[in-house]
Amino acid sequence: MPLDLVLAGLGYVGQVSIRRHGDNGVEYLGGGTALSCIKRFGNYDVKDSCNMDGILIIYVE
């Protein structure tokens with residue numbers, strides 16, 4: 001499912017971190033508010049997510 005639909009549907013208010021699994025482990029792509037992540041990474045497909053220390057971590061592909 002596309003990241004923009006996931007974040008819009010959640011209505012999450014807080015910090016978001018966007019990451020993806022690469023050949024050398026996990027790659028950090030960026031982060032910020034849900035709105036800024038939608039603008040920058042909205043077309044990526046969400047593969048997994050978790051909440052760690054109040055930050056929503058989303059793994060994309």
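**Exercise 1. Find which residues make up the largest nonpolar core, and which elements give two or more residues to this core.**

Step 1. Start with the term: a nonpolar core is a set of buried Ala, Val, Leu, Ile, Met, Phe, Trp, Tyr and Cys residues joined through side-chain atoms within 4.5 Å. Buried means under 20% relative accessible area, with a 1.4 Å probe and protein chains only.

Step 2. In this predicted model, local features need pLDDT of at least 70, side-chain atom pairs count only at pLDDT 80 or more, and totals for chains, interfaces and linings use all residues. Residues are numbered from 1 along each chain as its sequence is written, and side-chain values use heavy atoms, leaving out hydrogens and water.

Step 3. The largest nonpolar core has 12 residues in all, among them Leu 3, Val 16, Phe 41 and Ile 58. The elements giving two or more residues to this core are α1, β1, α2 (34-41) and β4. Helices (H or I, at least four residues) and strands (E, at least two) are DSSP runs, numbered from the N terminus.

**Exercise 2. Work out how β1 pairs with β2 and with β4.**

Step 1. Strands pair if DSSP finds at least two bridges between them.

Step 2. β1 (residues 16-22) runs antiparallel to β2 (residues 25-32), with 7 bridges. A hairpin through 2 residues joins them, and Arg 19 stands opposite Tyr 28.

Step 3. β1 runs parallel to β4 (residues 55-60), with 4 bridges; here Ser 17 has Ile 57 as its bridge partner.

Key:
Buried < 20%, exposed > 50% of the residue type's maximum accessible area, 1.4 Å probe, protein only.
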